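This report is intended for a reader meeting the structure for the first time.

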Amino acid sequence: MFDTLTNRLQGAFQRLRGKGRLTEDDVKEAMREVRRALLEADVNLTIAKEFTERVRVKAVGHEVLQSLTASQQVIKLVNDELVELMGGAQEKIARAAKPPTVVLMVGLQGAGKTTASAKLARHLTQQEHRRPLLVAADVYRPAAIDQLKVLGEQVKVPVFSLGDQVKPQEIVRGALAEARRGGYDYVLVDTAGRLHIDAELMGELDDIVALAEPDEILLVVDAMTGQDAINVAQSFHERLHLTGLVLTKLDGDTRGGAALTVRHVTGCPVKFVGTGEKTDALEPFYPDRMASRILGMGDVLTLIEKAQSAIDEQVAKDLEAKIRRNEFTLEDFLQQLRQMRNMGPLDQILGMIPGMNKLKNQLQGKALDEGQISKVEAIILSMTKEERHQPELVMKSSSRRVRVAKGSGTQVRDVNQLLSRFEEMRKLLKVFSGPGAKRKLRGIGDLTGAVQGNQGGTGQQHVHRHKKKR
Ligand SMILES: Nc1nc2c(ncn2[C@@H]2O[C@H](COP(=O)(O)OP(=O)(O)OP(=O)(O)O)[C@@H](O)[C@H]2O)c(=O)[nH]1
Ligand SMILES: [Mg+2]
């Protein structure tokens with residue numbers, strides 16, 4: 001869904017990611033990219049401009065730029081703005097106080113009304129445990145009634161039909177009586193495709209609206225038609241006072257513009273989206289979920305929230321200063337580990353970061369677990385304060401190493417491994433006080449390596465290498 005848009009947006013953020021703090025120019029540049037991505041996705045120019053301007057102002061005005069997670073916060077701002085653009089909260093399908101709830105499905109020919117009617121019937125049955133009745137009110141297109149009957153059978157919802165020799169108004173009247181008699185709580189009326197300028201057919205809808213007083217008038221629009229979909233929605237809304245939209249064919253190579261802006265332009269909420277030809281391919285429209293899908297962020301927002309709650313901003317700042325001065329100690333290391341523990345299993349955290357799946361696979365089974373952290377914790381706590389600040393002391397003295405191993409209930413080689421890993425990491429951190437996502441990544445890798453416990457291999461090699469150097 002919206003692959004091109006997603007790729008473009010990710011590209012815009014990629015450059016920010018490599019940086020620690022951001023300048024106003026960085027943000028401006030990123031917003032130019034975002035704007036281009038939106039335009040390419042068929043979002044109209046005014047909306048795209050206003051959108052990026054809002055994000056820019058927020059980013060510059062909230063001390064975002066100076067924070068340690070500036071790039072992530074900019075992404076979050078874009079996300080929030082997307083959610084807002086798409087209408088904020090999810091809008092549910094109406095439910096009449098006195099059943100049946102009447103839903104009228106309208107739209108252009110071939111938009112997906114009949115399919116959407118059946119999908120909605122299925123949704124109501126399976127997700128909301130309702131009893132819908134489908135109504136075949138398209139008497140114009142040959143085989144329209146049969147099509148609905150076939151779909152009705154698939155979703156196990158009865159279809160009310162009076163054939164194609166009866167006026168749609170009469171069919172709807174009959175269906176309402178049937179629904180009351182049969183105790184149905186939804187009546188879903190599938191109408192024929194029509195243009196909003198077709199006076200006769202629009203008059204027919206007026207009649208149906210007058211007699212059935214529908215609780216929902218849902219316009220079914222084909223998202224693949226981009227800006228046209230928005231124009232159609234606007235015209236139908238002016239003519240009929242729609243209560244909601246169903247955007248279909250989002251699974252195709254739609255550019256996304258319609259989904260992003262139709263709500264903003266028409267003021268009419270998108271209630272469902274169709275994502276395939278099968279009857280189960282209907283989803284309630286959640287602006288927030290759609291936004292993170294568009295950003296291709298997986299669960300990155302959940303991640304940011306987790307990180308924000310787990311990592312104390314001040315602690316992070318202090319730490320950064322220490323790294324810059326090369327004063328990072330085992331105590332700081334321990335604190336880091338504890339913070340990571342607060343965030344949950346490492347491989348799970350990495351899984352939430354886009355593009356990190358590869359690294360995640362490398363770490364499979366190596367996740368920080370409680371036991372491993374506890375072990376490192378025990379080793380560090382068995383050292384004196386002096387030793388924690390100058391790990392070289394332990395490194396150089398085998399009697400100290402034996403003492404620490406004994407004190408922590410571990411093996412001497414565990415102590416060795418931790419120390420050599422820590423040393424590696426410290427070197428790395430020195431480099432990482434400059435920018436560079438890759439280096440940071442290696443940092444994470446080494447962090448886990450440090451708590452590998454007895455798994456041996458690489459840790460030992462590092463020790464040897466150190467010895468040779470000495
Ligand atoms: N890929 C995809 N195809 C869809 C979707 N919704 C509908 N279609 C297809 O679009 C075509 C038209 O769907 P219909 O439900 O018959 O459309 P309609 O609005 O009822 O058409 P008319 O009654 O002729 O006006 C069919 O081939 C559907 O399978 C969707 O969400 N994704
Ligand atoms: Mg149809």
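## Salt bridges

Arginine 8 and glutamate 40 form a salt bridge in which the closest N and O atoms are 2.4 Å apart. Because arginine 8 lies in helix H1 (residues 3–17) and glutamate 40 in helix H2 (residues 24–40), the pair ties together parts that are 32 residues apart in sequence. A search of the whole structure finds 21 salt bridges, the term denoting a side-chain nitrogen of Lys or Arg within 4 Å of a carboxyl oxygen of Asp or Glu. Helices (H or I, at least four residues) and strands (E, at least two) are DSSP runs, numbered from the N terminus.

## Basis of the model

The model is predicted: local features need pLDDT of at least 70, side-chain atom pairs count only at pLDDT 80 or more, and totals for chains, interfaces and linings use all residues. Residues are numbered from 1 along each chain as its sequence is written, chains are lettered from A and ligands numbered from 1 in the order in which they are written, and side-chain values use heavy atoms, with hydrogens and water left out.

## The surroundings of ligand 1

Ligand 1 is surrounded by 20 residues, of which the closest are Lys113, Thr114, Thr115, Arg141 and Asp251; a residue counts as near if one of its heavy atoms lies within 4 Å. Helix H5 (residues 113–126) supplies the largest share of this shell, four residues. By class, the shell comprises two nonpolar, eleven polar and seven charged residues. Here Ala, Val, Leu, Ile, Met, Phe, Trp, Tyr, Cys and Pro count as nonpolar, Asp, Glu, Lys and Arg as charged, and the others, Gly among them, as polar.

Oxygen atoms of ligand 1 take part in polar contacts, that is, pairs of N or O atoms within 3.5 Å. A polar backbone atom of glycine 112 is 2.8 Å from an oxygen atom of the ligand, and an N or O atom in the side chain of glutamine 147 is 2.9 Å from one. For a polar side-chain atom of lysine 119, the distance to a ligand oxygen is 3.3 Å. Taken alone, ligand 1 exposes 650 Å², and the protein buries 82% of that (Shrake-Rupley method, 1.4 Å probe).

## Charges over rings

Arginine 289 lies over the face of tyrosine 286, 3.7 Å from the ring centre. Arginine 131 is placed over the face of tyrosine 184, at 4.6 Å from the ring centre. The criterion is NZ of Lys or CZ of Arg within 6 Å of the ring centre and within 35 degrees of the ring normal.

## Backbone features

Proline 99 and proline 100 are joined by a cis peptide bond, with omega about 5°. Proline 100 belongs to the loop between helix H4 (70–85) and strand S1 (101–106).

Alanine 143, although not a glycine, has a positive phi of about 70°. Alanine 143 is located in the loop between strand S2 (132–137) and helix H6 (144–155).

Note on methods: Polar contact = N/O pair within 3.5 Å; in protein donor to acceptor, adjacent residues only side chain to side chain.
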